[in-house]
Amino acid sequence: MSIKLVVFDIAGTTVKDDHEVSKAFQAAMQLSGYEVELAKIDPLMGYEKTLAIRKMLAEHEADQSIITDELVNTIHKEFVQQMIKFYQFAPGIEALPNVEETFAKLHEQGVKVGINTGFSRDIADTIVARLQWREKGLIDYVVGSDEVELGRPHPFMIQKMMAEAGITDALEVAKVGDTEVDVREGQNAGCQYSIGVTTGIFTRDELASYDPTHIIDDIAQVIDIINQ
C-alpha cells in the first residue's frame with residue numbers, strides 16, 4: 001500500500017539538537033532543587049514533557065507525596081520558557097542535513113508531510129516559524145503533545161494528523177524519529193513503517209532494541225523506503 005503521509009519528529013530527527021533539550025530540562029529541574037545528570041535525561045527524549053518531568057521526579061524525589069501537579073507544572077513552565085527563548089534567539093538553529101530536500105521530494109510525489117513532537121504546540125510553532133517551513137511550503141501538519149489526550153508512545157498525535165489528512169488506514173502512514181517512543185508511537189499507531197534515525201540521542205544499537213522497521217543514518221533514505 002502506498003504511503004500518503006510521513007510523520008517526522010522534530011528535535012534530533014529534523015532539527016539539530018546538541019543536547020539542548022536535555023540541558024533545558026536539567027536547568028528547569030535545578031531551579032526546583034533537583035540535580036539530574038544529562039545521562040538520566042537523554043533516554044526521556046521524545047516523551048510528552050510533563051510525563052518526562054514526572055519520571056525524573058519519581059527517580060530523584062524520596063518523598064513521592066511532594067510530586068504534585070503544581071510542582072510538575074512549575075518545572076514545565078520554566079522548561080517551555082527556556083525552549084521558546086532558545087529556539088527564537090539562539091544561533092545555529094537549523095534543519096538537519098537533507099531534511100528540507102526530503103520534505104520537498106515527498107511533496108513532489110504527492111505525499112503529505114507532518115511534524116509531531118513531545119514538545120507543547122507553542123514550542124513546535126516557534127521552531128517551525130524560525131525555520132520558515134510553512135512559508136517554504138515544506139510541511140502540511142503540526143501536532144504538539146498538549147493537543148491530544150496522551151503523548152508518545154501513544155498513537156494519538158499520529159491519529160489526529162491522519163484525521164486532518166482524511167486518512168483512515170495507518171498502513172498509508174510512515175513515522176520517523178530518533179527515540180524509543182518515536183518508534184513505539186509508529187508501532188502503536190499501526191504505521192506501515194516505523195523508522196528510527198541515528199541523528200539524535202539514540203544510537204543504532206539502542207534503536208534496534210525497539211524493533212523499528214528500518215534504522216537509517218540519513219533522513220533522505222526515507223524516500224527509498226517508501227518507494228520500495
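Biologist: Which handedness does the β-α-β unit made by β4, helix α8 and β5 have?

Modeller: In this predicted model, strand β4 (residues 173-177), helix α8 (residues 180-189) and β5 make a β-α-β unit that is right-handed.

Biologist: How should I read the pairing of β4 with β5, and how many bridges join the two strands?

Modeller: As a general idea, strands of a sheet pair through backbone hydrogen bonds, in either a parallel or an antiparallel sense. Here β4 and β5 run parallel and are joined by four bridges; valine 176 has isoleucine 195 of β5 as its bridge partner, while glycine 177 stands opposite glycine 196 in β5.

Biologist: Which strand pairs with β5 over three bridges?

Modeller: That strand is β6 (residues 214-216), and the pairing with β5 is again in the parallel sense. Glycine 196 has isoleucine 215 of β6 as its bridge partner.

Biologist: In what order do the six strands of the open sheet follow one another, and which strands stand at the edges?

Modeller: The order is β3-β2-β1-β4-β5-β6, with parallel pairing. β3 (141-143) and β6 stand at the edges and have a single partner strand each, so one side of each is left without a neighbour in the sheet. Neighbouring strands of this sheet are turned against each other by 20 degrees on average, if direction is ignored.

Biologist: Are the residues on the two faces of β5 buried or exposed?

Modeller: In general, the side chains of a regular strand alternate between the two faces of the sheet. In β5 (residues 193-197), five of its five residues are buried: Tyr193, Ile195 and Val197 lie on one side, Ser194 and Gly196 on the other, and both faces are thus covered.

Biologist: Which strands does helix α7 lie across?

Modeller: Helix α7 (residues 156-165) lies across β1 (5-8), β2 (112-116), β3 and β4, and runs at about 150 degrees to β3.

Biologist: How do I read the packing of two helices, and at what angle do α4 and α6 pack?

Modeller: Two packed helices are described by the angle between their axes together with the distance between the axes. For helix α4 (residues 69-89) and helix α6 (residues 121-131), the angle is about 5 degrees and the axes are 9 Å apart. Because angles under 35 degrees count as roughly parallel, α4 is roughly parallel to α6. The contact includes Phe79, Met83 and Tyr87 of α4 and Ile123, Ile127 and Arg130 of α6; by class, the contact has nine nonpolar, two polar and two charged residues.

Conventions. Residues numbered from 1 in each chain as written. Predicted model: local features only at pLDDT ≥ 70, side-chain atom pairs only at ≥ 80, totals over all residues. Heavy atoms only, no water. Axes fitted to C-alpha atoms, helices over the stretch in contact; angles between N-to-C directions. Parallel < 35°, antiparallel > 145°, perpendicular 65-115°, else oblique. Contact = heavy atoms within 4.5 Å. Nonpolar A, V, L, I, M, F, W, Y, C, P; charged D, E, K, R; others polar. Buried < 20%, exposed > 50% of the residue type's maximum accessible area, 1.4 Å probe, protein only. Pairing = 2+ DSSP bridges. Right-handed = clockwise from strand over helix to strand, strands pointing away.
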